[in-house]
Amino acid sequence: MLKSSRTAEDARLAFQTCKSSDPKDQVEFYDSWANNYETDHKSVKYRAPHEAVNSLSEHFCGNPEEVLVLDVACGSGWVAKLMVELGFRHFVGVDGSKGMLAQAAETGLYQDLKLAVLGPEPLPVQSGVFDVVILSGALDTGFCPVSVIRELHQAAKPGGLIVMARGDHTRELSDDYKKELEAELQLMEDQGLWGPGHVKQVERYMSNPHVNISDHQEEPFISGTVYVYRKSTQSAACDVTPQSDQ
(Lines give C-alpha, C1' and ligand atoms only; values in the text may rest on other atoms or scores of the structure.)
Protein backbone atom coordinates (compact mmCIF):
# COMPACT_ATOMS: atom_id res chain seq x y z
CA MET A 1 0.00 0.00 0.00
CA LEU A 2 1.35 3.41 -0.98
CA LYS A 3 1.91 5.84 1.85
CA SER A 4 -0.13 9.04 1.57
CA SER A 5 1.81 12.15 0.62
CA ARG A 6 -0.73 14.40 2.38
CA THR A 7 0.70 16.80 4.94
CA ALA A 8 -0.87 18.41 7.98
CA GLU A 9 -0.96 21.67 6.03
CA ASP A 10 -2.90 19.94 3.23
CA ALA A 11 -5.39 18.76 5.83
CA ARG A 12 -5.82 22.24 7.30
CA LEU A 13 -6.39 23.73 3.86
CA ALA A 14 -9.05 21.12 3.16
CA PHE A 15 -10.91 22.01 6.36
CA GLN A 16 -10.68 25.70 5.54
CA THR A 17 -12.09 25.09 2.04
CA CYS A 18 -15.31 23.61 3.40
CA LYS A 19 -17.22 26.84 4.08
CA SER A 20 -20.62 26.56 2.39
CA SER A 21 -23.65 25.60 4.47
CA ASP A 22 -25.62 24.59 1.36
CA PRO A 23 -26.31 20.82 1.45
CA LYS A 24 -25.53 20.41 -2.27
CA ASP A 25 -22.17 22.15 -1.86
CA GLN A 26 -21.41 20.05 1.21
CA VAL A 27 -22.12 16.81 -0.66
CA GLU A 28 -19.90 17.84 -3.58
CA PHE A 29 -17.11 18.81 -1.20
CA TYR A 30 -17.22 15.52 0.70
CA ASP A 31 -17.37 13.56 -2.55
CA SER A 32 -14.13 15.24 -3.60
CA TRP A 33 -12.57 14.80 -0.14
CA ALA A 34 -13.51 11.14 0.35
CA ASN A 35 -10.17 9.62 -0.62
CA ASN A 36 -8.25 11.87 1.80
CA TYR A 37 -10.90 12.31 4.48
CA GLU A 38 -9.55 9.88 7.07
CA THR A 39 -5.89 10.78 6.46
CA ASP A 40 -6.63 14.49 6.85
CA HIS A 41 -8.69 14.00 10.00
CA LYS A 42 -5.92 11.94 11.58
CA SER A 43 -3.48 14.74 10.70
CA VAL A 44 -5.47 17.16 12.86
CA LYS A 45 -5.77 14.60 15.69
CA TYR A 46 -9.52 14.21 15.22
CA ARG A 47 -10.87 12.23 18.18
CA ALA A 48 -14.63 12.11 17.54
CA PRO A 49 -14.85 8.46 16.40
CA HIS A 50 -12.66 7.27 19.29
CA GLU A 51 -14.53 9.32 21.90
CA ALA A 52 -17.94 8.21 20.63
CA VAL A 53 -16.96 4.53 20.62
CA ASN A 54 -15.26 4.80 24.03
CA SER A 55 -18.41 6.31 25.51
CA LEU A 56 -20.53 3.62 23.91
CA SER A 57 -18.28 0.96 25.43
CA GLU A 58 -18.67 2.49 28.89
CA HIS A 59 -22.48 2.25 28.75
CA PHE A 60 -23.14 -0.81 26.58
CA CYS A 61 -24.35 -4.03 28.19
CA GLY A 62 -24.81 -7.29 26.36
CA ASN A 63 -23.23 -9.28 23.57
CA PRO A 64 -21.95 -6.89 20.87
CA GLU A 65 -22.06 -9.65 18.24
CA GLU A 66 -25.85 -9.82 18.53
CA VAL A 67 -26.77 -6.15 18.19
CA LEU A 68 -27.64 -4.03 15.16
CA VAL A 69 -25.84 -0.69 14.87
CA LEU A 70 -26.97 2.36 12.90
CA ASP A 71 -23.94 4.48 11.99
CA VAL A 72 -25.28 7.92 10.99
CA ALA A 73 -23.02 10.21 8.94
CA CYS A 74 -20.83 7.12 8.68
CA GLY A 75 -18.29 8.74 6.37
CA SER A 76 -15.38 6.43 5.61
CA GLY A 77 -16.51 3.78 8.11
CA TRP A 78 -14.08 4.90 10.80
CA VAL A 79 -16.56 4.32 13.64
CA ALA A 80 -17.43 0.82 12.44
CA LYS A 81 -13.74 -0.10 12.22
CA LEU A 82 -13.31 0.89 15.87
CA MET A 83 -16.49 -0.90 16.95
CA VAL A 84 -15.43 -4.14 15.27
CA GLU A 85 -12.44 -4.17 17.61
CA LEU A 86 -14.96 -4.34 20.48
CA GLY A 87 -16.86 -7.24 18.93
CA PHE A 88 -19.69 -5.45 17.09
CA ARG A 89 -20.52 -7.11 13.78
CA HIS A 90 -23.76 -5.78 12.29
CA PHE A 91 -23.84 -2.29 10.79
CA VAL A 92 -26.11 -0.12 8.67
CA GLY A 93 -24.52 3.14 7.51
CA VAL A 94 -26.09 6.39 6.30
CA ASP A 95 -24.27 9.29 4.67
CA GLY A 96 -25.06 12.10 2.25
CA SER A 97 -21.97 11.61 0.10
CA LYS A 98 -21.66 8.84 -2.50
CA GLY A 99 -17.88 9.19 -2.30
CA MET A 100 -17.87 8.63 1.44
CA LEU A 101 -20.24 5.67 1.14
CA ALA A 102 -17.83 4.14 -1.39
CA GLN A 103 -15.08 4.40 1.22
CA ALA A 104 -17.35 2.81 3.83
CA ALA A 105 -18.23 -0.01 1.44
CA GLU A 106 -14.55 -0.82 0.98
CA THR A 107 -14.31 -1.72 4.67
CA GLY A 108 -16.62 -4.68 4.09
CA LEU A 109 -18.20 -4.10 7.50
CA TYR A 110 -21.65 -2.80 6.54
CA GLN A 111 -24.59 -5.04 5.71
CA ASP A 112 -26.34 -2.01 4.17
CA LEU A 113 -25.38 1.53 3.19
CA LYS A 114 -27.94 4.22 2.48
CA LEU A 115 -27.59 7.61 0.78
CA ALA A 116 -29.41 10.53 2.44
CA VAL A 117 -28.69 14.18 3.19
CA LEU A 118 -30.12 14.47 6.68
CA GLY A 119 -32.38 17.43 7.25
CA PRO A 120 -33.54 17.88 3.65
CA GLU A 121 -34.18 14.12 3.55
CA PRO A 122 -35.52 11.81 6.28
CA LEU A 123 -33.36 9.17 7.91
CA PRO A 124 -33.99 6.22 5.54
CA VAL A 125 -34.30 3.41 8.08
CA GLN A 126 -37.05 1.55 9.88
CA SER A 127 -38.09 2.88 13.28
CA GLY A 128 -37.39 1.02 16.49
CA VAL A 129 -35.02 -1.67 15.24
CA PHE A 130 -31.48 -0.58 16.20
CA ASP A 131 -29.80 -1.53 19.46
CA VAL A 132 -27.22 1.24 19.00
CA VAL A 133 -27.50 4.50 17.06
CA ILE A 134 -24.22 6.42 16.82
CA LEU A 135 -23.37 9.73 15.19
CA SER A 136 -19.80 11.01 15.27
CA GLY A 137 -19.38 14.60 14.11
CA ALA A 138 -21.87 16.33 11.76
CA LEU A 139 -23.79 17.95 14.63
CA ASP A 140 -23.18 21.55 13.70
CA THR A 141 -24.68 24.35 11.70
CA GLY A 142 -24.64 23.57 7.99
CA PHE A 143 -24.59 19.81 8.61
CA CYS A 144 -27.27 17.86 10.51
CA PRO A 145 -30.03 20.10 11.86
CA VAL A 146 -31.10 19.61 15.47
CA SER A 147 -34.37 18.07 14.22
CA VAL A 148 -32.37 14.96 13.25
CA ILE A 149 -32.01 14.06 16.95
CA ARG A 150 -35.61 12.86 17.11
CA GLU A 151 -35.02 10.71 14.04
CA LEU A 152 -32.05 9.06 15.80
CA HIS A 153 -34.31 8.39 18.75
CA GLN A 154 -37.04 6.92 16.54
CA ALA A 155 -34.56 4.55 14.89
CA ALA A 156 -33.46 3.05 18.22
CA LYS A 157 -35.18 0.14 19.92
CA PRO A 158 -36.78 0.83 23.30
CA GLY A 159 -33.84 0.51 25.67
CA GLY A 160 -31.35 1.16 22.86
CA LEU A 161 -28.38 3.49 23.15
CA ILE A 162 -28.00 6.75 21.21
CA VAL A 163 -24.45 8.15 21.16
CA MET A 164 -23.56 11.53 19.66
CA ALA A 165 -20.20 13.32 19.49
CA ARG A 166 -19.62 16.88 18.31
CA GLY A 167 -16.89 19.47 18.35
CA ASP A 168 -17.38 22.75 20.19
CA HIS A 169 -16.25 24.82 17.24
CA THR A 170 -15.30 28.43 17.94
CA ARG A 171 -17.94 30.15 15.83
CA GLU A 172 -20.99 32.08 17.00
CA LEU A 173 -23.32 29.93 14.88
CA SER A 174 -21.80 26.81 16.45
CA ASP A 175 -22.47 28.21 19.92
CA ASP A 176 -26.10 28.85 18.95
CA TYR A 177 -26.37 25.33 17.53
CA LYS A 178 -25.07 23.79 20.76
CA LYS A 179 -27.60 25.74 22.84
CA GLU A 180 -30.43 24.61 20.55
CA LEU A 181 -29.16 21.02 20.60
CA GLU A 182 -28.88 20.79 24.37
CA ALA A 183 -32.29 22.40 24.81
CA GLU A 184 -33.77 19.69 22.55
CA LEU A 185 -31.91 16.92 24.38
CA GLN A 186 -33.29 18.20 27.69
CA LEU A 187 -36.80 18.57 26.28
CA MET A 188 -36.75 14.97 25.08
CA GLU A 189 -35.62 13.86 28.53
CA ASP A 190 -38.42 15.89 30.12
CA GLN A 191 -40.89 14.23 27.74
CA GLY A 192 -39.73 10.80 28.90
CA LEU A 193 -38.35 9.80 25.51
CA TRP A 194 -35.07 8.76 27.11
CA GLY A 195 -33.47 8.62 30.52
CA PRO A 196 -31.02 11.15 31.98
CA GLY A 197 -28.13 11.69 29.61
CA HIS A 198 -24.47 11.06 30.25
CA VAL A 199 -22.40 14.00 29.01
CA LYS A 200 -18.64 13.81 28.63
CA GLN A 201 -16.47 16.84 27.94
CA VAL A 202 -13.44 16.20 25.72
CA GLU A 203 -10.66 18.74 26.11
CA ARG A 204 -8.68 17.78 23.01
CA TYR A 205 -11.35 16.87 20.46
CA MET A 206 -9.23 17.95 17.48
CA SER A 207 -6.53 20.41 16.56
CA ASN A 208 -8.11 23.66 15.39
CA PRO A 209 -7.59 23.65 11.59
CA HIS A 210 -8.65 27.29 11.27
CA VAL A 211 -5.83 28.64 13.43
CA ASN A 212 -2.22 29.13 12.36
CA ILE A 213 -0.17 26.89 14.65
CA SER A 214 2.94 29.07 14.21
CA ASP A 215 1.10 31.89 16.00
CA HIS A 216 0.82 29.82 19.19
CA GLN A 217 3.33 28.40 21.64
CA GLU A 218 1.20 25.27 21.95
CA GLU A 219 -0.96 23.59 19.34
CA PRO A 220 -4.51 24.99 19.71
CA PHE A 221 -7.24 22.39 20.20
CA ILE A 222 -11.02 22.45 19.91
CA SER A 223 -12.93 20.87 22.77
CA GLY A 224 -15.85 18.53 22.22
CA THR A 225 -18.80 16.86 23.85
CA VAL A 226 -20.14 13.29 23.78
CA TYR A 227 -23.79 12.65 24.67
CA VAL A 228 -25.12 9.19 25.56
CA TYR A 229 -28.82 8.45 26.04
CA ARG A 230 -30.83 5.27 26.52
CA LYS A 231 -34.23 5.26 24.85
CA SER A 232 -37.08 4.81 27.27
CA THR A 233 -38.78 1.43 27.13
CA GLN A 234 -42.07 3.33 27.37
CA SER A 235 -41.35 5.83 24.59
CA ALA A 236 -42.57 3.85 21.57
CA ALA A 237 -46.10 5.13 21.98
CA CYS A 238 -44.97 8.75 22.33
CA ASP A 239 -42.25 8.70 19.69
CA VAL A 240 -43.72 11.62 17.78
CA THR A 241 -42.33 15.10 17.20
CA PRO A 242 -44.45 17.51 19.27
CA GLN A 243 -46.62 19.99 17.39
CA SER A 244 -47.48 23.48 18.54
CA ASP A 245 -51.08 24.34 19.44
CA GLN A 246 -53.08 25.94 16.66
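Colleague: Are aspartate 140 and arginine 166 buried or exposed?

Modeller: In this predicted model, aspartate 140 and arginine 166 form a salt bridge whose closest N and O atoms are 3.4 Å apart. Aspartate 140 lies in the loop between β4 and α7 and arginine 166 in strand β5, so the pair ties together parts that are 26 residues apart in sequence. As for their accessibility, both aspartate 140 and arginine 166 are buried.

Colleague: Which helix holds glutamate 184, the partner of arginine 150?

Modeller: Glutamate 184 pairs with arginine 150 in a salt bridge, with 2.5 Å between the closest N and O atoms. The two residues are 34 apart and link distant parts of the chain, arginine 150 being in helix α7 and glutamate 184 in helix α8.

Colleague: Where does glutamate 28 lie, and what is its relative accessible area?

Modeller: On the surface, glutamate 28 gathers with Asp22, Asp25 and Asp31 in a patch of negative charge. Glutamate 28 lies in helix α2, which spans residues 23-33, and is partly exposed, its relative accessible area being 47%.

Colleague: How many disulfides does the structure hold?

Modeller: Cysteine 74 counts as buried at 5% relative accessibility, and cysteine 144 likewise counts as buried, at 7%. For the structure, the number of disulfides is 0.

Conventions:
Residues numbered from 1 in each chain as written. Predicted model: local features only at pLDDT ≥ 70, side-chain atom pairs only at ≥ 80, totals over all residues. Heavy atoms only, no water. Patch = residues over 30% accessible without salt bridge, like charges linked within 9 Å, V, L, I, M, F, W, Y side chains within 5 Å. Areas by Shrake-Rupley, 256 points an atom, 1.4 Å probe, with all protein chains shown as cover. Salt bridge = Lys/Arg side-chain N within 4 Å of Asp/Glu carboxyl O. Lys, Arg positive; Asp, Glu negative; His and termini not counted. Charge placed at Lys NZ, Arg CZ, Asp CG, Glu CD. Helix = DSSP H or I, 4+ residues; strand = E, 2+ residues; numbered from the N terminus. Buried < 20%, exposed > 50% of the residue type's maximum accessible area, 1.4 Å probe, protein only. Disulfide = S-S within 2.5 Å.
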